[in-house]
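Welcome! Take a moment to look over the sequence and the model below, and then we can walk through them together.

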Amino acid sequence: MDKPVIDRNLYVPAIDAWIDPSEPKARAIITHGHADHARSGHGAVLATPDTIEIMKVRYGEDCAGRFEALDFHDPLTIDGATVTLFPAGHILGSAQVLIEAEGQRAVVTGDYKRLRDRTAQPYEPVACDLLITEATFGLPVFQHPDPKDEIARLLKSVAAQPERSHLIGCYALGKAQRVIALLRDAGWDRPIYLHGAMIRLCELYQALGVELGELLPATGMGKAEMMGQIVIAPPAAIRDRWSRRFPDPVVCQASGWMSVKQRARQALAELPLVISDHCDWGELNVSILESGAETVWVTHGREDALVYWCKKQGLKAEPLALPGLDDDGGEGGE
Amino acid sequence: MKRFADLLELLALTPSRTRKLEALKRYFVEVPDPDRGIALAVLTSEMDIRNVKPALLRETVLAEVDETLFALSYDYVGDLGETIALIWPHKAEGELPRLSELVDLLNHTSKAELPRVIGGLLSQAAIHERWALVKLATGALRIGVSARLAKTALAEMSGVELQDIEEVWHGLKPPYANLFAWLEGKAGRPDIDNAARFHPLMLSNPIEDKDFEKLDPRDFSAEWKWDGIRVQLVLGAQGVSMFSRTGDEISASFPDVVDNVMGRAVLDGELLVGHDFDARSFNDLQQRLNRKVAQAKQMQELPAFVRVYDMLFDGEEDVRALGWEERRARLEAWFQRNPQTRLDLSEVLPFGDWDDLGRLRRQGADEHGHEGVMIKLRTAPYVPGRPKGFWFKWKRDPNVVDAVLMYAQRGHGKRSSYYSDYTFGVWKGNEIVPIGKAYFGFTDEELKQLDKWIRANTTGSFGPVREVKKELVFEVAFDSAQKSGRHKSGVALRFPRISRIRWDKPAQEAARLEDMDAFVGVPDG
């Protein structure tokens, strides 16, 4: 691949557009709504309709000069290149970007996961020559457990300690709604209480057709009422004075990092829930092989191990150092 | 094993001491012998599974996992046991045996068979059981539970005083059936030979300048703070034993001491090396530590002796309840009756007021490299643990040097996402040469700022290490400096730590290598 259709800063020269740029650009393609991928101030934004709605809720209606919604699987040809978005399974609206030009196919995965999650459109493998993959959990120590088992541990703890409330630290976009959906699917039908920072995005998910059940604000409730209840809040609020209003809270953090005890202790998690919106090591491996790509660029996290693994498989691989990407991939681990 | 794994996980993650105690009590009450005793031994670090060492576990896992990927994972996770637990790639049907059977199995499997047996166990275990299994096998828990907390749980569950449990503790062996029988009122207190065992030590608290106002110097005595290792000598009817401060017997490493003492007593003092009671540096002592068997040549070049400062038993008599002054009189009289060639008395320093002692402390540091002084309440009994208000250590002010940050490395575990290990250096002509490495002395907030600065000022990176612009100055505190052939600068610092980050100071004004000579001149110990 002498001259890739996309460069190492995720710039696509044929259409003069950047993918997930960290600074305002004239034309940006946005994979999903997390803050380290979607920023305000671009001239024109191309993204899925859900991602555009999320950006508007987070940054305001006029956070970009112009929005252009592109549905999944709908090829858009601009000048000499064709852009197609495929579901990435990471959060609602999250997309992989396929660029076709000069007979080449390049895919930027954005953040992605393969496990089923009813709050996000399910991931689809996309064949390509060049795969640009994330590596948030790109080490073989990451073997994510079944999230249903994690929710079962949570509900067991709730039943065993009815006098305490359970506070789940979650990233406000994606993780919170997924945890709520998992709780509902496990049969938890009581109201779930939300920190103020969670409310607008949960409402948006519901408006976009994701069923989350009865959600109530956590503020203004008395201690006695909150015994035995489940509260969802951003990780930082849980370590803050905000959490003092709850009766002897059990701090739970929901993130893929929680499999590492030191990380769990650092997050002050008494009950760590290993629930991730990213591929674990095995899923990254499978995805790379499935894509059929001969060249793999690795970004976003633990690149070294995945690059090494790719080379062992006989693939061309190199790490990309992209500015501005959150090392924790929106897993709220800090 | 499942129950034990659950307990370990809870202990590792529950911040509340009360809740940890509750969990421990519940475990000790509900789990039968001998499993609970084995668990107690693991929690108090008394369990040694002889043939399972970290190297063997590493070998077991490397037979299944790529070495480079393992190394990268270990670098990230920071804890060998946890890395193994998380990375193990196989899953098999079955359940782990109960704790006592598991320990039996590990202890009675030949070295050659162990990797296969351990591999089988790891495959059978659920992930958090794997973690507990590895912790158990290596004996390195590091879960923030002290032996004292486990014993406190025993005290609370039984109503027996913690002090009484500590008293018999070092005469007991896992699985502690006699201990549990006593705690549950089914048998009397375990019968322990008083003179032949380790007695928990009394420890001191650091003193701060403001503390002196409240203390009358006439109530206190002072001694040098010796820079060796704390030992307890038990001179009993059955022979002589020497224990480290944690109760490990180290007699075999120091036959030159234990074979050459006489009399009956339990003594507290500092192990040092040197001829004719002239103590040499801690570095010299280190050459004799961590050796299972002493070598004749070393014993000749670096003979060991103990500088005694307290007495717990005078003959058979327990004198711990007496005040320091009375114990000291007993100790001096005992030395009169039992002339020694390998024991001497730590001298008592005469002083007037605190300023006077402060001058003495500085003089001792400057002229003899003493670490500081110990201050002891004359009426204080000998109390195991770290009681408040009895013994104080007053360390000399550290030496400081302004050095330039050269390299930063990511930390381990909790700090694995931060650049928290720093190599710094001083000017030699127009280049900067490294003089040491430090990874503490700064706050979490400062760590964040440093991490940010390092990421923004990286000039090169080598694996987990980043080279940075030579612009940031640290004030580095250290206890002493020595000549060293290992460092390019020829100087090595003892116990270096970052005392201040000099965001304001230009790198040109940092120290020069010549400045270090002044520190190297100070004798150590």
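Chain A of this predicted model holds 8 helices and 18 strands. Its radius of gyration is 20 Å, close to the 20 Å that the globule rule gives for 334 residues, so chain A is as compact as a globular protein of that length. Of the 334 residues in chain A, 54% are buried. Among contacts between residues at least 6 apart in the sequence of chain A, 62% join residues at least 24 apart.

Now for a sheet in chain A. Here 5 strands form an open sheet in the order 1-2-3-4-5, with mixed pairing. Strand 1 and strand 5 of chain A stand at the edges, each with a single partner strand, so one side of each is left without a neighbour in the sheet.

| Strand of chain A | Residues |
|---|---|
| Strand 1 | 11-12 |
| Strand 2 | 17-19 |
| Strand 3 | 27-29 |
| Strand 5 | 64-69 |

Strands 2 and 3 of chain A run parallel and are joined by 2 bridges. Ile19(A) stands opposite Ile29(A), which lies in strand 3 of chain A.

Next, let us turn to the partner chain. In the model, 21 residues of chain B are in contact with 21 residues of chain A. On the side of chain B that touches chain A, helix 1 (2-13), helix 5 (67-77) and helix 6 (80-87) of chain B each supply at least two residues. Helix 5 of chain B gives the most, with 6 residues. The residues on this side of chain B divide into 11 nonpolar, 7 polar and 3 charged.

Methods:
Residues are numbered from 1 along each chain as its sequence is written. Chains are lettered from A and ligands numbered from 1 in the order in which they are written. This is a predicted model: local features need pLDDT of at least 70, side-chain atom pairs count only at pLDDT 80 or more; totals for chains, interfaces and linings use all residues. Helices (H or I, at least four residues) and strands (E, at least two) are DSSP runs, numbered from the N terminus. The radius of gyration is taken over C-alpha atoms; the globule rule is 2.2 Å times the number of residues to the power 0.38. A residue is buried if 20 or more other C-beta atoms lie within 10 Å of its own, exposed if 12 or fewer, and partly exposed in between; C-beta atoms are placed from the backbone. Two residues are in contact if their C-beta atoms, placed from the backbone, lie within 7 Å. Ala, Val, Leu, Ile, Met, Phe, Trp, Tyr, Cys and Pro count as nonpolar, Asp, Glu, Lys and Arg as charged, and the others, Gly among them, as polar. Two strands pair if DSSP finds at least two bridges between them.
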